[in-house]
Structure formats: C-alpha cells, structure tokens
Amino acid sequence: MRGLRESLTELIRRTSAEIPDDVQRGILHGLEQEKEGTIAKSALEIIEKNIELARRKSQPLCQDTGSILFYVDCPVGLNQVEFEAEAREAVLAATKLGYLRQNSVDSITGKNDGTNLGPGSPNMHFHQHSTDEINVRLMLKGGGCENVGAQFSLPNTALKANRDLDGCRKVILEAVHQAQGKGCGPGILGVCIGGDRASGYEFSKREFLRKLDDRNPDPKLDELEQDILKTANELGIGPMGFGGKTTLLGVKIGAANRVPASYFVSISYMCWAFRRHGASLAQDGTISDWLY
Amino acid sequence: MTHHLTSPISEEAIRGLKVGDQVLISGVVFTGRDAVHKYLHEGGELPDGVNLEGGIIYHCGPVVLKDENGEWKVVAAGPTTSIREEPYQGGIMKQFGLRGVIGKGGMADKTLAACKDHGAVYLHAIGGAAQVLAECIVRVRDVYMLEEFGSPEAIWELEVHEFPAVVTMDSHGESLHKDVHAMSEEALADRR
Ligand code: SF4
C-alpha cells in the first residue's frame, strides 16, 4: 500500500478545507429560509463565504481542526498495524502543512508537542467486512460542539421523559435548547438510543457518517428524526443562537440494544463546520473514489 | 441596521447601539483570553504600548505565522467562547475603559451590568468563520506577553478592517441571548 500515506494526507486536507456537498446544500437551504435583512441571514452568508474561501485557499474551514476520527472498513487480510502507522504519519504531515492546527494536548501535563499524535489521537476505528473494498472515512470534530453533547438516563422526572420514543424526543429537544448559542449552530445531531454509556456516545458519532439528506430505513426512527428537525427549527434559536429558523440542519438517530436496567439517550452535536469525508482505496492505497 | 465602528470608540457611539445591530469594526483590537483576563484581574499591569481606553478586546487565540520577511501573518482568527471570562470582564471593562468585547456565545449578568454602567457592548462574531475573519485582519501591529503566555494566550495588537459582528448585549441592559433563551423556552414548552 505504497500510496496510502499520501491518500490519507489528501483525505485530511480535503476534510479540513472542503465542506461536503450534502452539508453545504443544507446551509444553502437554511439561507433561503431566513428573511432578508435579519442577522440570521447575514450569519449564514458569512458562513457560506467562509466555506468558499476555505475551499479556494485550501485552508482549514475553522481554526479548531478538532479530534481526528478515522473509520476504516476493510477486508480481513488488511494489516491494521501498518495502516495505523501510516495514518499517524499522514496526521503529522498534514499538521506540518497547516491542514491541521497543533491541536492535541497531553491531558495530564497540559503540554502540546505540536504533532497531533498521542493516546487516542488519531482515533482509529477498524471494521472488517467480507468484501475486498477498503473504505476510509474521516471526521474532524471541534471542541465547542463536542462540549454541548449530552447523555440522558431515562426515565428523567424533571423532563417527564419516560422510557419510550416520546421520552427520547423530550430529552433530545432539551439538549437542543441547552446547546443554543454554544457549539456554533446551525447544528446536526447524531443520536443513539440505548447501548451503554460508552457505546452510546460512540454510536451517536457514527450517525454523522450518514449523508445529511438520507432517510432512516426504520420508519419509527425516521419519523422521530423528521419530527425533531421540524420542531427544533420552530424554536426560534437560529444560527449562532441569534434567533431565526435554522437551528438544526439534520438529525440522525440510531439504536443499540441495552440491558433491561438501562435506557440511555446519547446525543452528539456537530457544528455547522461539519467536516467529514471518505474515500475508497485501491489495493495499492491510492484513492479510487470519494464517498461524499 | 449596520454601523461602522472605528476604535477608539466614544461612549456616545456605544450608547447609540442596540441589540441586533450589525457592526463592521475597523481600527485596532487587542486579543485577550483566559491568561490575560486572569492576570489583569489579579492586579497585573498592562504592558507598555497597550492602551485599552475606548478600545476593544477580542476573545481569540489566533493562529499566527511569520512569513518569509519575518512579518507576522494571521492565518485563522475565529472567536473563542466568552463565558469563561465572565468573572473578570466587568471589572476589566471599567478599570481600563473598554468599550467593546468581541467573542462568541455571549456573557452573563455581571458583564451585562458593567456594559450598562460604563457604556460598553458585547459583539458576537461568527463562530468558526476562521477564514473570513482572518481576511479582515489587515496587519499584526505588535504582540505582548508572548513569552509569558504563549501564542494563543498572548495579547496581539491587530489592525482590522470591517470585521463583522452583531451587538448581542448592549449598554441599555438588553441581551439577545436572554431574549432568545426565554422565547425558545416558551416555544419548547408548547411542543413538549
Ligand atoms: S464548534 Fe465547530 S465551528 Fe465552532 S469553533 Fe468549534 S470547530 Fe469551529
């Protein structure tokens, strides 16, 4: 896989500088919804301008280039040790080239060695499948939006949220309300119903790998997604919390089994600077196709 | 309504601003985040050359590089979350004569009260718009306390041209953040 390092570096560049088409369409749609002359409209115009500028200059969309999360679907024979080593080299190269900010801090000493490498950085998720394809996806998730993620344990008496989909709806809308003004909205929600505390958040982030305009194959979850999107956009929170119609660009909900005693709803919030891309790799590691 | 603000700013100009007004800021702004606010709050003196009278503090940890000619160049400069400075901001505003604070996410009652008393506003920049905002920074005039605080926390003296922001807390006691919060709370109650 001689081309791998170069491909992963390019994946990082593209993810950092170029917002995916599905997300940009969402922002353009928001722009159309907001009234002329409002601060919501002008906030979205600045965001749209920023998107174009970052793409043209091939520079980070936002200065917080985020946590580096790789998701790799690969055949059984792939050498994951080697793959991870190449991913680390690509992160180092991308940092030197300025596609990534020096953004990773030792949690105990507070030191930033400027490499973006360390325990959990980059974060690798491998998943083996039985075809020959190698698909690698990357998400860069900033701190401001990560900070407003929330996990609820149902039932929640204060919110009158029971262990059912209506209870889920209540806590998810509560999280949207709490996040206002923080996390650089308009936002996108990734939600997992069920799981344990760790897998709940893990699965909630995976929902961001779905395209923004896809529909959930499960009719119940699809209904919940559409309902929350519509309701959240009626709350008047708007871009940056300035007031307006565009509070959320999308809602993606999945479910994981739980033990009978637990009922978690884990909510990850993604800012408008939704950076994720993906590529299919040929056997020599070169990029054969883009996924978004 | 869009206003042009050029620093240093008079109290009169500030009193004429209302929540929801858009502003384009030109002139000099000084960056300051956690380390600077804590230092000033604990009685630290402003370094020579920094004058905040009628001025603006920008909550920002910019990415700044030196170009081939040894000149500083701002590569990315979006706002950081302001609420962390809430314990210090009001006092610093009054002590040093600040007329404006740029940041994101808004601030709380103590700062709002100081804005009213002293005549200052909170200016919300667009979070994440690193490239657009960096383009509005025409020159890095100087940097202070770089050794002590490190690059993101240092005081950068930036010359800006038509830097866009929105007044979300004014000098009449109004806060857009409070208003939107209350309104959305009500809307949510109807839809629970
Ligand atoms: S929340 Fe997103 S857009 Fe806002 S500063 Fe963080 S990474 Fe950038």
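This is a predicted model: local features need pLDDT of at least 70, side-chain atom pairs count only at pLDDT 80 or more; totals for chains, interfaces and linings use all residues.
Local features need pLDDT of at least 70, side-chain atom pairs count only at pLDDT 80 or more, and totals for chains, interfaces and linings use all residues. Residues are numbered from 1 along each chain, chains are lettered from A in the order in which they are written, and side-chain values use heavy atoms, without hydrogens and water.

User: What makes strand E5 (residues 187–194) of chain A mostly covered?

Analyst: Buried means under 20% relative accessible area with a 1.4 Å probe, protein chains only. Eight of the eight residues of E5(A), a DSSP run of type E with at least two residues, are buried, so the strand is called mostly covered.

User: Why is E5(A) said to pair with strand E6 (residues 248–256) of chain A?

Analyst: Pairing requires at least two DSSP bridges. Eight bridges join E5(A) to E6(A), so the two pair, and they run parallel. In E6(A), A:Lys252 is the bridge partner of A:Gly190.

User: Which strand is joined to E5(A) by six bridges?

Analyst: Strand E7 (residues 264–270) of chain A is joined to E5(A) in this way, running antiparallel. There, A:Met270 is the bridge partner of A:Ile188.

User: Why is the meeting of B:Glu135 and A:Lys57 called a salt bridge?

Analyst: The term requires a side-chain nitrogen of Lys or Arg within 4 Å of a carboxyl oxygen of Asp or Glu. The N to O distance here is 3.0 Å, so the pair qualifies. Across the interface of chain A and chain B, the rule finds three salt bridges.

User: How many residues does each chain bring to the contact?

Analyst: With contact meaning heavy atoms within 4.5 Å, chain A brings 36 residues and chain B 33.

Note on methods: Buried means under 20% relative accessible area, exposed over 50%, partly exposed in between (1.4 Å probe, protein chains only). Helices (H or I, at least four residues) and strands (E, at least two) are DSSP runs, numbered from the N terminus.
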